[in-house]
Amino acid sequence: MRFVEFHLGYRGDDFLYEDRAAGIVPKRHIFVGLGLNLRELLFKNPRSQVGRAAGEVLDYFQPPYTAIHHNITE
């Protein structure tokens, strides 16, 4: 279980001025999901500063296709 992390988040769509001018209503979504803990997989005990920095980035950034999410609001 240490290689899997639980995600809970919020995202919005269609908030550009062009979208609003076209009459598109902005949408807000709350989502849940599961993702891979890449820091634990790739940089568990980094010895270099580059490894530590990469691990810190992976605490806040989830690369594409390493997580699965499901909207719980429409």
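Predicted model: local features only at pLDDT ≥ 70, side-chain atom pairs only at ≥ 80, totals over all residues.
**Entry 1**

I started with the strands. I found an open sheet of three of them, in the order E1-E2-E3, and the pairing is antiparallel. Which strands sit at the edges? E1 and E3 do, and E3 covers 67-71. Each of these two pairs on one side only. I also looked up the angle: neighbouring strands in this sheet are turned by 25° against each other on average, ignoring direction.

Then I looked at one pairing by itself. E2 and E3 run antiparallel to each other and share five bridges. I picked Gly33 to follow across, and its bridge partner in E3 is His69.

**Entry 2: the nonpolar patch**

Which elements supply at least two residues each? My list reads strand E1 (4-13), strand E2 (27-36) and helix H2 (38-42). The largest share is from E1, with four residues.

I zoomed in on Phe6, which is in strand E1. Is Phe6 buried or exposed? Its relative accessibility is 61%, so Phe6 counts as exposed. The cut-off I needed for that step is over 50%.

**Entry 3: salt bridges**

How many salt bridges are there? The count comes to five. I wrote up some of them.

Arg11 and Asp13 form one, and their closest N and O atoms are 2.7 Å apart. Arg11 has 33% relative accessibility, so I noted it as partly exposed. Asp13 is partly exposed as well, at 26%.

Asp14 and Lys27 make another, with 2.1 Å from N to O. This pair links distant parts of the chain, since Asp14 is in the loop between E1 and helix H1 (17-21) while Lys27 is in strand E2, 13 residues away. For cover, I got 24% relative accessibility for Asp14, which makes it partly exposed. Lys27 is partly exposed too, with a relative accessible area of 35%.

Then came Asp59 and Arg39, whose closest N and O atoms are 2.4 Å apart. Why does this pair tie together separate parts of the chain? Asp59 has a relative accessible area of 42%, so I put it down as partly exposed. Arg39 is partly exposed at 24%. I also noted that Arg39, Glu56 and Asp59 are linked in a network of salt bridges.

**Entry 4: Leu58**

I finished with a residue in helix H3, namely Leu58. Buried or exposed? Leu58 has 17% relative accessibility, so it counts as buried. The cut-off here is under 20%.

What does Leu58 touch? Leaving out its neighbours within four places in sequence, I found contacts with Leu38, Arg39, Phe43 and Pro63. Arg39 turned up in my salt bridge notes too, as the partner of Asp59.

I then checked a distance to the sheet side of my notes. The C-alpha atoms of Leu58 and Tyr10 are separated by 19 Å, and the two residues are 48 apart along the chain.

Conventions: Residues numbered from 1 in each chain as written. Heavy atoms only, no water. Buried < 20%, exposed > 50% of the residue type's maximum accessible area, 1.4 Å probe, protein only. Salt bridge = Lys/Arg side-chain N within 4 Å of Asp/Glu carboxyl O. Pairing = 2+ DSSP bridges. Axes fitted to C-alpha atoms, helices over the stretch in contact; angles between N-to-C directions. Contact = heavy atoms within 4.5 Å.
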